[in-house]
Amino acid sequence: MAPDPVRLSKFLSLVLRHQPEAIGLVLDSQGWAVIDDLIARAVAAGTAFSRADLDHVVATSDKKRFTVSEDGQRIRAAQGHSVAVELGLTSREPPAVLYHGTATRFVDAIMAEGLKPQSRQQVHLSADVATATNVGRRHGKPIVLQVDSAAMHRAGLKFFIADNGVWLTDHVPPEYLAVQAAQ
Ligand code: HQG
């Protein structure tokens, strides 16, 4: 029986972002796993799914969380890793303003020390307020911070865009942050 796509997506996020060793999987330095190997190890670990199930999750993921290589042989998470990976993204000029959704209880700490990647490899930023609000809601009462990405770019700080359109940067110092007025 085909696994529930949401459960399969969470399983793929776990092994491709955080704990590949949970099923004995090895990611390469850019975060890629060989799909046949991933499926065989998942089956052996008790999570059975087919290549068609995987392709369905990749195609329907609301946030386009996973990227399949052009030759169709490998898969990686587009962003969100806690394991060390070098995604090989080229730095890009960001839009003038980007947004970060968080929970209200984190705002004082963030305005004091800036946005830090916490358990992930980089800080995740959204291109629009609605997306940022949804990201913030995952943590509690949402609030959106505006990031002066144009000024950061002028100051030489680097931005990257993941395969799924999420913007990434190493750290946002507090002087580039402002609380977005409620919409
Ligand atoms: C907060 C999801 C205190 C930060 C989303 C956030 C995203 C601080 C939390 C992606 C802080 C980390 C990433 C500081 C940052 N003091 N708190 N100095 N700096 N924080 O989940 O950005 O569904 O690791 O505001 O859509 O919420 O997984 O990061 O609240 O794209 O595909 O520390 O994950 O995508 O939380 O989310 P997270 P995030 P997926």
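Predicted model: local features only at pLDDT ≥ 70, side-chain atom pairs only at ≥ 80, totals over all residues.

Q: Okay, so what does Arg76 form a salt bridge with?

A: With Asp163, and the closest N and O atoms are 3.6 Å apart. That falls within the 4 Å cut-off, so the pair counts.

Q: Where are the domains, by the way?

A: The domain assignment puts domain 1 at 5-77 and domain 2 at 98-180. Their C-alpha centres lie 27 Å apart.

Q: And how many residues does the contact take from each?

A: Seven residues come from domain 1 and four residues from domain 2.

Q: How many salt bridges and polar contacts are there between domain 1 and domain 2?

A: The count is one salt bridge. For polar contact, there are two residue pairs, both at pLDDT 80 or more.

Q: What kinds of residues make up the domain 1 side?

A: On the side of domain 1 that touches domain 2, five are charged, two are polar and none is nonpolar.

Q: How much area do the two domains bury between them?

A: About 380 Å², with 35% of it on carbon and sulfur atoms.

Q: Which residues in domain 1 lose the most area to domain 2?

A: Lys63, Lys64 and Thr67; together they make up 63% of what the domain 1 side buries.

Q: Where do Arg41 and Asp37 lie?

A: Both lie in helix 2, residues 35-44. They're four residues apart, which is about one turn of the helix.

Q: Switching to strands: how does strand 4 pair with strand 6?

A: In the antiparallel sense, over six bridges. Strand 4 covers residues 98-103 and strand 6 covers residues 142-147.

Q: What stands opposite Gly101?

A: Val144, in strand 6.

Q: And what about strand 6 and strand 9, over how many bridges do they pair?

A: Three, again in the antiparallel sense. Strand 9 is residues 177-179, and Ala178 in that strand stands opposite Gln146.

Key. Residues numbered from 1 in each chain as written. Heavy atoms only, no water. Pairing = 2+ DSSP bridges. Helix = DSSP H or I, 4+ residues; strand = E, 2+ residues; numbered from the N terminus. Domains from an automatic or database assignment. Contact = heavy atoms within 4.5 Å. Buried area = accessible area lost by both parts, 1.4 Å probe. Salt bridge = Lys/Arg side-chain N within 4 Å of Asp/Glu carboxyl O. Polar contact = N/O pair within 3.5 Å; in protein donor to acceptor, adjacent residues only side chain to side chain. Nonpolar A, V, L, I, M, F, W, Y, C, P; charged D, E, K, R; others polar.
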